[in-house]
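The exercises below are to be worked with the sequence and the model side by side. Each task is followed by a solution in steps.

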Amino acid sequence: MFSSADHACMSQALQLAEKGLFSTTPNPRVGCIIVRDDQIVGRGWHERTGQAHAEINALKQAGATAKHSMVYVTLEPCSHHGRTSPCVDALTQAGVAKVVVAMEDPNPLVAGKGCALLRQAGIEVQVGLMRAEAAALNVGFIHRMCHQQPWVRVKVAASLDGKTALNNGESQWITGEAARQDGHRWRARSCAMLTGIGTVKADDPQLTVRHVETSRQPFRVVVDSRLEIPLDAKLLQGGSAIIFSAISNHEKSTTLKDLGASVIEIPDANGDVDLVKMMRRLADFEINEVLVEAGSKLNGALVQAGLVDELVMYIAPQLLGDKARGLLNLPELTQLSQKAELKIQDLRMIGQDIRIVAKFA
């Protein structure tokens, strides 16, 4: 169905889409290649929300040569008026002959309508070329559109014996500099970073991207059932913090709002933050990917609630002993059939440490 030349062109479109890895949120990462007479005449990618989509940028570069051309795009062209005009209209007006799409857009506003409108305009459309690669690039966007929840990654750094800190809480640093820098790339692609009040009290983290060049910072989200966050916490600096609480404290909430933070009360039946409802609220904020950097208690609670999609684990060549703190606070299993299953997606050395990326089954 697809030739080697088709694969080569879509591969280039995917490489272009990846250029928006840190900047397109909440929109998907999309790349586009335009080919005429076996020559690439236009390249484009979506760089930032509110700016031109990949197809528009590629059409602008192609100019009049876009007529009778073939277009390779990593996501179905949009067919609705959002922050920008429909790309379907631009492709039709440019007179392109054929559009090859990696995957359909799961956004209900599109969801096949873009391809249908192109076909109605007499443009040949093929769908499915390198679909898996395109989906991997936009796993958070797809998950939010299909499940009304963001894609949740838990990032942990541990010793070979699975410990994340000494019993006294000391944890800086278990992994090496290369692994820590790599961790900031996961931060940069995330829409939000999530931690718990215990980590805020113990480490006072900034939860910012510092080792990777990026044009934006992710939201900083704290699970704080009793609204105990110190007003001088570093993550409150610069705004864009969201505090989820289980209690009402008007005075402190007002003070936090004055500091630029949002306070959202979502209690569960036990008087803690309702984690499922919290994730749905984050999806309402158009948050596609959440990176969790927390302690074993919150990590374990998220896993138990079935909210963790992916684990990013850095393993250092060290042994910290039985008394050190573990990865996840989970209940004791009485049968091996109760174990959580994961599938390893990627395994590589980062400096002297091992990085494992695994998805929950």
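At 1% relative accessibility, Ser 190 counts as buried, where buried means under 20% relative accessible area, exposed over 50%, and partly exposed in between (1.4 Å probe, protein chains only). The model is a predicted one, in which local features need pLDDT of at least 70 and side-chain atom pairs count only at pLDDT 80 or more, while totals for chains, interfaces and linings use all residues. Residues are numbered from 1 along each chain as its sequence is written, and side-chain values use heavy atoms, with hydrogens and water left out.

**Exercise 1.** Find where Ser 190 is placed and list what it touches.

Solution. 
Step 1. Ser 190 sits in the loop between α7 (177–189) and β8. Helices (H or I, at least four residues) and strands (E, at least two) are DSSP runs, numbered from the N terminus.
Step 2. Its side chain reaches the backbone oxygen of Trp 186 at 2.7 Å.
Step 3. Leaving aside residues up to four places away in sequence, Ser 190 touches Arg 216, Pro 218, Glu 289 and Leu 291; contact means heavy atoms within 4.5 Å.

**Exercise 2.** Which residues of helix α9 are buried, and which are exposed?

Solution. 
Step 1. In helix α9 (residues 250–258), the buried residues are Lys 252, Ser 253 and Leu 256.
Step 2. Seen down the axis of α9, these residues fall within an arc of 100 degrees, so they line one face of the helix. The arc is that of the directions from the helix axis to the C-beta atoms.
Step 3. The buried residues of α9 pack against β11 (262–265).
Step 4. His 250, Glu 251, Lys 257 and Asp 258 are exposed on the other side of α9.
Step 5. After α9 comes Gly 260, with a positive phi near 95 degrees.

**Exercise 3.** Is Glu 310 buried or exposed, and which side chains does its own side chain meet in polar contacts?

Solution. 
Step 1. Glu 310 belongs to strand β13 (residues 310–316).
Step 2. Its relative accessibility is 6%, so Glu 310 counts as buried.
Step 3. The side chains of Glu 310 and Trp 151 are joined by a polar contact of 3.3 Å. A polar contact is a pair of N or O atoms within 3.5 Å; within protein, one must be able to donate a hydrogen and the other to accept it, and residues adjacent in sequence count only if both atoms are side-chain atoms.
Step 4. A polar contact of 2.5 Å joins the side chains of Glu 310 and Arg 153.

**Exercise 4.** In what order do the strands of the five-stranded open sheet lie, and which strands stand at the edges?

Solution. 
Step 1. The order is β2-β1-β3-β4-β5, and the pairing is mixed.
Step 2. β2 (39–45) and β5 (124–127) stand at the edges, each with a single partner strand, so one side of each has no neighbour in the sheet.
Step 3. Strand β4 (residues 98–101) pairs with β5 in the parallel sense over four bridges, and the bridge partner of Val 99 in β5 is Val 125.
Step 4. Helix α4 (residues 113–120) lies across β4 and β5, running at about 150 degrees to β5. Axes are lines fitted to C-alpha atoms, for helices over the stretch in contact, and angles run from 0 to 180 degrees between N-to-C directions.

Definitions and conventions. Pairing = 2+ DSSP bridges.
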